[in-house]
Amino acid sequence: MKIKVIREILTPTETLGSLFINDKFFCYTLEDVDRKLRQTHTPDFIKAHKVQNQTAIPSGDYRVILSMSNRFKRIMPEVLNVKGFAGIRIHGGNTHHNTEGCILVARQRNVNKASSWQGIRNWIFGSQEKQLVAEMSKALKRGERIELSIVY
């Protein structure tokens, strides 16, 4: 299974994009600020440019598995081997306050639309986490490896 996140809208507080499964649109994404980090950068470079809990993971290619999250107490997608980051998950959420480096997934998004919550202007809603886990589970049962590409 190939998952692709295309980062489309970069703001000073978050990164909005779209997620595709095997080249078919699946949902919208929201991540922390994209600081233009690349998977090819050295760990020292990433550490020097990362802002803790406020930085999107480096763009590039990753393997994704389903594993138990100690924090959330459920099976969730986990992005492996992200330089300078640990515990990166793909899960539901609404704003950059919910990410801490993770990729949030949802059915709908609002861009530059004022909310009633702390002045947030960009947010997503309608979690697609369960649906993503279901699709990944099917692929794993077929013996497929799950690959994630994060691009622009």
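Reply: Helices (H or I, at least four residues) and strands (E, at least two) are DSSP runs, numbered from the N terminus. What you see is a predicted model, in which local features need pLDDT of at least 70 and side-chain atom pairs count only at pLDDT 80 or more, while totals for chains, interfaces and linings use all residues. Residues are numbered from 1 along each chain as its sequence is written, and side-chain values use heavy atoms, with hydrogens and water left out.

The protein has two helices and nine strands, which follow one another along the sequence as β-β-β-α-β-β-β-β-β-α-β. Its radius of gyration is 15 Å, close to the 15 Å that the globule rule gives for 152 residues, so the protein is as compact as a globular protein of that length; the radius is taken over C-alpha atoms, and the rule is 2.2 Å times the number of residues to the power 0.38. Of the 152 residues, 44% count as buried, where buried means under 20% relative accessible area, exposed over 50%, and partly exposed in between (1.4 Å probe, protein chains only). Contact means heavy atoms within 4.5 Å, and among the contacts with a separation of 6 or more, 48% are between residues 24 or more positions apart.

Now to the core itself. A nonpolar core is a set of buried Ala, Val, Leu, Ile, Met, Phe, Trp, Tyr and Cys residues joined through side-chain atoms within 4.5 Å. The largest one here holds 25 residues, of which Ile3, Leu19, Ile57, Val79 and Leu148 touch the most other members. Two or more residues come from each of strand E1 (2-10), strand E2 (15-21), strand E3 (24-31), strand E4 (60-69), strand E7 (103-110), helix H2 (129-141) and strand E9 (147-151), with H2 giving the largest share, three residues. To see how one member is surrounded, take Ile57: leaving out residues up to four places away in sequence, Ile57 touches Arg7, Glu31, Tyr62, Val79, Val82, Phe85, Ile88, Gly101, Ile103 and Ile150.

There is also a second, separate core of five residues, including Leu16, Leu104, Ala106 and Ile124. Leu16 is found in strand E2, and because its relative accessibility is 0%, Leu16 counts as buried. Apart from neighbours within four places in sequence, Leu16 is in contact with Ile6, Arg7, Glu8, Ile9, Thr29, Leu30, Arg109, Asn122 and Ile124.

Ala134 lies in helix H2, but at 36% relative accessibility Ala134 counts as partly exposed, and its C-alpha atom is separated by 25 Å from that of Glu8, 126 residues apart along the chain. Asn22 sits in the loop between E2 and E3 and, with a relative accessible area of 44%, is partly exposed. Lys73, in the loop between E4 and strand E5 (74-79), counts as exposed at 64% relative accessibility. Most residues other than glycine have a negative phi, yet phi of Asn22 is near 50°, a positive value, and phi of Lys73 is near 60°, also positive.
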